[in-house]
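The sequence and the structure are shown first, and the description comes after them.

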Amino acid sequence: MSLLRASLSDNPSRSMTLMVALGLSESGTEVSASWISGAFVHIARLWPLILLAKICVLLLLNLPIFSGDSDKAGLLAVMLLIDGMLMLVPRWQLFQRRLPHIQNWLMLPMVFLSALTFSLWLSHEPRAATDSLFLAAVPELAVALLAVCIFGDRRLLGISYFLGALLVSVAEKAGLMQIGLMVSCVIVMLIATLRQATADRDQAIARHSQDLRAQRSDRLLQEHERTGRGWFWETDRQGCLTYISDTLAQSLNLSADALIGRMITEIVRQGDKKQGDGERTLGFHLSARTGFSDIAVCAALVREERWWSISGQPVFNEYGQFHGFRGSGTDLTEMRRSQAEVTRLAQFDSLTGLANRIQMLRSLEQAVADRHGKPGECTLMMLDLDRFKTVNDTLGHPAGDALLRQVSQRLQRVVGEKGLVGRQGGDEFKILLPGRHDQTALAHLAQAIISAVSQPYTIEGTGVVIGVSIGLSICPQDGVTADALIRNADLALYAAKGNGRGVHRFYSSDMHADAEDRRQLEEDLRRALAADGLHLVYQPVVSSNTEQITGYEALLRWKHPVRGPISPALFIPIAEDTGLIGQIGEWVLRTACRDAAQWPEAIRVAVNVSPTQFANPGFPSTVMNALAAAQLTPERLELEITESVFLNDSDGTDMMFSRLKAIGVRLALDDFGTGYSSLGYLKKAPFDKIKIDQSFVRGASIKGSRNSAIIKAIVSLAEALGMDTTAEGAETQDELELIRQLGCSHIQGYIYGRPMPFEDVIVRHRSTGTAASANGFKSSRPERKTMLRTITVHHDGHVYTGRIRNISATGALVEGLWNVPEGTLFAIELGESQFVNATARWSKDDRMGVEFASAIDMATLRSPPRSLTG
């Protein structure tokens, strides 16, 4: 039956009245009078017994059911109608949808009328009319007792039926005493009925509250299970599942019914010490009948790895008897995966998947740790990619990341199982090789790495070629701690990069001296800057048409008090690395402007600008202050800028160009063609001049050189853009002539003068003015390198030993062979398996000049590295 309940917002402590307790008035509490209406359907189902009892009573009294008396027939019909209604009405939905007290009001008159019509029907029978009231009412009492049994604890209905059954007999036969006795019985029955109704109502309220709590708990548990945050389980005494959440069953691709009856230990794997639960597995706790909390277990009935956290408590009854376990669980799979990912990120590089700096350091510390009183044996390789920054800056960081991933794959393929490959950061990598390794084998491995990394790459459809330099340190001979090995491998890497890159170098003790020498040189440079130990020299720039000096380039020089002159190629990189280049550049700018103010008005001064200076937003202010302090007009200052400035943010670069041009200074693009050689910036950068690097000028007049074509292309490009051109490094007459023929507007080189101090510039202007005269060799020759190398000379089956004093790509000066005829053919062995055919062109005593049949690669004859002080 669907029972109607009142609103939960009703006050459960509302005072009860007699009518409410009897179910004759609306209760108004959070629970309806279900203890009244709940039995009506059961009464309707048992009411045919009342009708059967009535018939049995008539048969026992030998009373005819049907007779010719119309009144009696009418009463029988009414009685049957009322009894039929009692059997049917409580089953109707219309009746059941009524409030309980309304149902009670409908049942009471029907029950009363059922008894009254039966009593009236019996009263028409003469045999039923006796002098005794109780004897006359025996049939009604018998049926009434049966009705009371059917009504059960619904005593109000029993009173109603009892009154209806005895009302006729009392009215016809009863005296005053009998009536009083009847009333007393009814009052007793009413009191009992009221107490019973009150007790039933209280029990119903308590039961309803308990049901609500149970339903609320069920809903909360179901919601908890449905959200997937947890699940519940229960076992019997033997550890077999008696309940399992559908959520867990679905995660195992099974139904809950399929898991019921199975041992709970069957759905989890055995405990594993490595997983952190040690010996105290789930099975141990179940057998010990002890509570447990948050035990991590792994599911056994799924293919993929799934982890749970299980908690449970043993269940005992009030007599202390064990009934099983009841508990809950949560899914740890995602948390475990997250922890594994965190661990992976903490130990591996997110871009390449290689071991990161932390893991490499930890592995290195383990490799060098003492074993039985002896340090461990291992080899550490430090790798630095060559020309990677060019790729990163020209193609973008995504392309650089893709390149790093390909490099890491190649490194792993080459190293394989020999060692651990890690990424230090940026374009730096480490390789740790545990155990003892022969130095020759290490050299072969390093060369294999260089060869593999140097193979071309394809990045976003663009071909890319890079290189790698490698420094190696070996434990224990190069250090017995991780820090020492890292420091020494880094020194070896620095030496490899200083030797031309693309090579490997093993650590040696003299590298410490070089590093200390560099550190000392850095300190000396700081002191020189503070004590005005730097000075400028000026090299003339000459017009190719008029041979008049149009300007000077300011060049920085440093004469060390102990070491003598230090090459700018040595101390300028140190200044850039240490951040001193900004201070030095400002000093150069102010000094050059001050000196140029004392030259003739038509003479300009060119000052080199570092990328660090150019990127400083305050650089235009520095330029204006230098011009103002020297009283120099802006058009006489020419700032030489290299292509590397375009690697920075384009908006900032364009803004800097605009601010500098607004001042009025001239801008020159220095070392054109040797940097990143992207022509896109020329269409928007406001350059007044392009300087052709000396590497294109030197040797341009030599037959077969392509440099002249490159110079011609640069001149044509500059003329099309309305820019001047300056050819740097001109030294010989034939180079000068070629430069003029190709159309360069200005020339700078030794042929017109070496860099000179400011005082010499003033003296020259006073003596000769701005006129310049060329002074140099007639023709250029290939670059020669001085060396002392023993060689083997083969001629007509004879072998001779000689020495090379100097050498170029096309010939050499050989000592040790006397009076060799001009035109003699030789085969000279320059090194292991390196032969070159040569012809004697002149000879004097034990010296002769030879010409090679074909040009050789000078890089293969590289001399040993010199220290920083050399």
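This is a predicted model: local features need pLDDT of at least 70, side-chain atom pairs count only at pLDDT 80 or more; totals for chains, interfaces and linings use all residues.

**The largest pocket**

The largest pocket has a volume of about 1900 Å³, and its lining is made up of 50 residues, of which Pro568, Ala569, Ile572, Glu576 and Asp671 lie nearest its centre. By residue class, the lining of this pocket divides into 19 nonpolar, 16 polar and 15 charged residues. Helix H21 (568-578) gives the largest share of the lining, namely eight residues. Among the other elements that each supply at least two residues of the lining are helices H19 (482-498), H22 (581-596) and H23 (611-615), together with strands S14 (549-560), S16 (604-609) and S18 (666-672).

**Segments annotated in the record**

An unreviewed UniProt entry lists residues 46-67, 73-92, 104-122 and 134-153 under "transmembrane region". In the model, residues 73-92 are 80% helix and 0% strand, with the end C-alpha atoms 28 Å apart. Residues 104-122 are 100% helix and 0% strand, and here the end C-alpha atoms lie 27 Å apart.

**Glutamine 455**

Glutamine 455 sits in the loop between helix H18 (439-454) and strand S9 (457-459), and its relative accessibility of 42% makes it partly exposed. A polar atom of its side chain lies 3.3 Å from the backbone oxygen of serine 451. Glutamine 455 and valine 465, which are 10 residues apart in sequence, have their C-alpha atoms 6.7 Å apart in space.

**Salt bridges**

The count of salt bridges in the model comes to 25, and three of these pairs are set out in the table.

| Pair | Closest N to O distance |
|---|---|
| Glutamate 638 and arginine 666 | 3.0 Å |

Arginine 527 and aspartate 524 belong to helix H20 (residues 510-530), where they are separated by about one helical turn because they are three residues apart. Arginine 527 is partly exposed, with a relative accessible area of 48%, whereas aspartate 524 counts as buried at 11% relative accessibility.

Glutamate 547 is partly exposed, with a relative accessible area of 26%, and arginine 740 counts as partly exposed at 30% relative accessibility.

The salt bridge between glutamate 638 and arginine 666 runs between two strands, with glutamate 638 in strand S17 (residues 637-641) and arginine 666 in strand S18, so it ties together parts that are 28 residues apart in sequence. Glutamate 638 is buried, at 4% relative accessibility, and arginine 666 is buried as well, with a relative accessible area of 13%. Strand S18 is also one of the elements that supply at least two residues of the lining of the largest pocket.

Beyond these pairs, Glu553, Glu640, Lys691 and Glu728 are linked in a network of salt bridges.

Notes: Residues are numbered from 1 along each chain as its sequence is written. Side-chain values use heavy atoms; hydrogens and water are left out. On a 1 Å grid over the protein atoms alone, a cavity is a set of points where a 1.4 Å probe fits but cannot get out, and a pocket is an open set with protein on both sides within 12 Å along at least five of seven lines; lining residues have an atom within 4 Å of a point. Grid points are joined across faces, edges and corners, and a volume is the space filled by probe spheres set on the points. Helices (H or I, at least four residues) and strands (E, at least two) are DSSP runs, numbered from the N terminus. Ala, Val, Leu, Ile, Met, Phe, Trp, Tyr, Cys and Pro count as nonpolar, Asp, Glu, Lys and Arg as charged, and the others, Gly among them, as polar. UniProt positions are given in the numbering used here, feature names are shortened, and annotations may be inferred rather than shown by experiment. Buried means under 20% relative accessible area, exposed over 50%, partly exposed in between (1.4 Å probe, protein chains only). A polar contact is a pair of N or O atoms within 3.5 Å; within protein, one must be able to donate a hydrogen and the other to accept it, and residues adjacent in sequence count only if both atoms are side-chain atoms. A salt bridge is a side-chain nitrogen of Lys or Arg within 4 Å of a carboxyl oxygen of Asp or Glu.
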